[in-house]
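Here is a short briefing on one protein model. Look over the sequence and the structure first, then read on.

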Amino acid sequence: MTPPEADPTLLDGVALFAGLEPAARQAVIDHADWFSLPGGNVLFAQGEAGDALYIVLRGSLAVLRVAGDGVRRRIARIAAGEVVGEMALVSGRARSASVIAERDCEVLRLDHAGFEALVARHPQAMLGVTRQIVSRLEVMQDNPLGQPPPRPRSIALLPAGSGRDCAAMRRDLARCMRQFGTVAEIGEGEGGGRQTQWFHDIESRHDFILYQADETAGAWSRLCLRQADVCLVVVSADDAETRRRHPLEAAASQRGQAMELVMLHPADRISPDNSKAFLAGRRVALHHHVRVGVFADAARLARQVTGRAVGLVLSGGGARGFAHLGVLRAFADAGVAIDMVGGCSMGAIAAAGAAMHWDAHEAEPRFRRAFVDTNPVNDFTLPLVALTAGRRVTRRLRDAFGERRIEDLWLPYFCVSTNLTRGTLAVHRRGLLWQWLRASVAIPGIMPPWVNPKGEVFADGGVLDNLPVTPMRAFGRGPVIAVDVGEAPAFSAPGALPEETWFERLFLRRRPRMPSILQILLRAGTVKTPADRLGRSAADFFLKPPVESIDFLDWKAFDRAVELGRRHAQAELARAPASVFGR
C-alpha cells in the first residue's frame with residue numbers, strides 16, 4: 001500500500017535520510033510500502049530472514065532479544081523518525097532480535113529489491129545506512145545487555161475496581177507529574193474514535209500522556225493498552241475481592257506489557273496490609289502504596305513512574321550502621337524525599353525503618369532499645385554452628401517489625417543475603433521482613449545462618465555484596481545514593497605467634513597477641529568484594545561517613561555514630577550534584 005500522502009515531507013523527521021536530496025527521498029517513498037501496525041503486534045521475529053528495513057513514521061517499537069540464558073530482554077526502543085532492520089538487510093543474516101509495536105504505528109517497509117534500486121540510483125543513501133549500522137554496533141559493544149529502559153511517557157491506568165477512585169488518582173498523579181513537564185490526560189471522551197495521527201500529535205506536544213481506561217475490555221481500554229509504555233493497574237486496598245482483575249490484565253501480561261500495581265488506601269491508613277493477596281498471580285514489576293489525597297504519596301508515584309525516584313542503599317557494618325540513622329535524619333532535615341530503599345545487614349534494618357516511614361524520633365529510640373540497652377549478640381553457645389545462638393537477635397527483630405511483610409512497607413524495599421546453598425546473592429523483595437533481616441545479618445561463624453522451608457541456607461549478604469547498589473540500579477527508576485559504613489580498620493597483628501597455645505594466650509598474656517576468633521570472623525565477613533567496589537562506582541551519589549574509629553560490636557557508640565552520619569551527610573548534601581536531587 002502506498003502512503004496516504006506520498007511526498008518527501010514524510011521523511012523530514014527521519015535522520016537516516018536527512019542528507020538526501022528531495023529526489024532521493026521521493027525515491028525512498030516510491031519504493032516503500034506503507035502500513036499500520038497495531039500496538040502489541042510483531043513486526044518481525046528473531047531468527048527470521050532480513051528481507052526489508054522499516055521506517056517508523058508514527059508510534060514506537062521495542063527491540064527484544066532472547067540471549068543464551070533463554071531470557072528475553074528489551075535492548076532498545078525505536079521511536080518515530082528512526083529505522084530498524086537495516087543490519088540484517090545489508091548483511092543477509094537472520095534477524096538478531098524481535099521487534100514489536102509498543103503502540104499503534106505507521107511504518108514504511110523498504111524491501112531488498114527496493115533498497116538495491118534506491119542505492120543504485122542514489123548511492124549516498126548507503127552512506128547513511130552504513131553510519132547507522134556502525135553507530136548501533138558501538139552501542140551494542142558499550143551495552144551488551146541492552147540500553148537502559150527509557151523513561152515511560154505514555155501511561156495507561158486500568159481500574160480493577162472503582163473507576164471513580166482511579167480517575168481521582170489520575171488527577172493527583174497528573175498534578176505531580178507537571179513539575180517534570182507537560183501532561184495530557186485522555187479519557188474516552190477525548191480520544192475515542194481518534195486516528196493514529198491524532199495520538200502522534202498529542203505525544204509530540206506533551207512530555208507525558210495519561211490514558212484513563214474504563215473497567216471493561218472494550219475498544220477504548222484496548223486502545224489505551226496499545227498506546228501505553230507502562231500500565232498501572234489500580235485497586236482499592238480495602239477491596240475484599242483481592243482476586244478482582246481488570247479484563248485486560250491477562251492480555252497485557254501475555255504481550256509482555258510493562259505492568260505495575262497501585263494500591264489505594266484511605267488518607268488515615270497507618271500501614272498497608274494484605275498486599276500478598278493482591279499480588280498473587282500478578283506479574284508486576286513494582287507495586288505502590290498510595291493514600292488517596294496525600295500529596296506526598298502521589299508525588300512519590302510520579303517520581304517512580306517517570307524515572308526520577310531517589311533510591312537509597314545502605315551497607316552493612318555492625319554498630320557503625322547506626323550512622324545510617326544520622327544520614328536519614330540529615331536527608332529529612334534537608335527535605336530530601338527517599339522513594340526506594342534497600343540494604344545489607346545493619347543497613348537493611350535501617351532501610352526497613354525508612355520504608356515503614358519511621359522518622360528520627362521513632363527510629364532512633366527503637367534502635368537504642370534493640371541494640372544499645374542490652375547487647376544483641378552476646379548469647380554465646382557451644383560453637384557447633386556459630387559462636388552465638390542468634391535467638392536474641394531474632395527476638396529483637398520480631399519485636400521491632402512484628403509479622404509485617406516486605407510487600408506491606410510504604411516504600412519499595414529489598415534486602416540481600418548470601419544463599420550458601422546456591423552460592424549466589426539473594427535479593428528479597430517479598431516475604432516476612434524479620435526473617436529476611438535475620439538472614440541478612442547472619443555473619444558466618446558468629447550467628448547461625450537462616451534456613452528456609454526448602455532447606456536453603458542463607459547468611460549475611462555482606463559475604464558477596466555489602467553495598468548492593470546493583471539490585472537498586474536494576475529497578476531503573478532514577479538516581480541511586482549509596483552509604484558505606486563497612487570499611488574495616490587496619491587489620492594486622494605484627495609479631496603475633498600464629499600457633500599460640502590457649503595457655504600462652506590466656507595466662508601468659510604475651511604481646512602482641514593474635515586477633516580473637518570474633519575479630520577474625522567479623523573481618524572475614526566485611527572484606528571488600530568486587531561487588532562492593534562496583535556498587536560505589538555505580539552510585540550517583542556516594543557517602544562514606546567517617547566511622548572507622550567505631551568497632552563493629554561497639555553498640556554503646558550509638559550516639560557518636562548517629563552524629564557522625566548526620567554531620568557527614570549534611571556536609572555532603574551541600575555538594576551533591578543537581579542531577580541527583582534536582583529532579
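This is a predicted model. Ring pairs join Phe322, Phe367, Phe371, Trp555 and Phe558 into a cluster. Across the whole structure, a search turns up 13 aromatic pairs.

**Two aromatic pairs**

- A pair of aromatic rings is described by the distance of the centres and the angle of the planes.
- Trp198 and Phe199 make an edge-to-face pair, with 5.0 Å from centre to centre and 90° between the planes.
- Trp198 is partly exposed, at 23% relative accessible area, whereas Phe199 is buried, at 3%.
- The ring centres of Phe414 and Phe475 lie 6.3 Å apart with the planes at 45°, so this pair is tilted.
- Phe414 belongs to strand β17 (residues 413-419) and Phe475 to helix α17 (residues 469-475), so their pair ties together parts 61 residues apart in sequence.
- Phe414 is buried, with a relative accessible area of 0%.
- Phe475 also counts as buried, at 16%.

**Charges over rings**

- Arg291 lies over the face of Trp410, 4.6 Å from the ring centre.
- Arg320 places its charged end over the ring of Phe552, 4.4 Å from the centre.

**A four-stranded sheet**

- Four strands form an open sheet in the order β2-β7-β4-β5, and the pairing is antiparallel.
- β2 (42-44) and β5 (72-79) are the edge strands; each has a single partner, so one side of each has no neighbour in the sheet.
- On average, neighbouring strands of this sheet are turned by 30° against each other, direction ignored.
- β4 (residues 60-66) pairs with β5 over seven bridges.
- Arg65 stands opposite Arg73 in β5.

Definitions and conventions: Residues numbered from 1 in each chain as written. Predicted model: local features only at pLDDT ≥ 70, side-chain atom pairs only at ≥ 80, totals over all residues. Heavy atoms only, no water. Pairing = 2+ DSSP bridges. Helix = DSSP H or I, 4+ residues; strand = E, 2+ residues; numbered from the N terminus. Axes fitted to C-alpha atoms, helices over the stretch in contact; angles between N-to-C directions. Phe/Tyr/Trp six-rings, centres within 6.5 Å; stacked < 30°, edge-to-face > 60°. Buried < 20%, exposed > 50% of the residue type's maximum accessible area, 1.4 Å probe, protein only. Lys NZ or Arg CZ within 6 Å of the ring centre and 35° of its normal.
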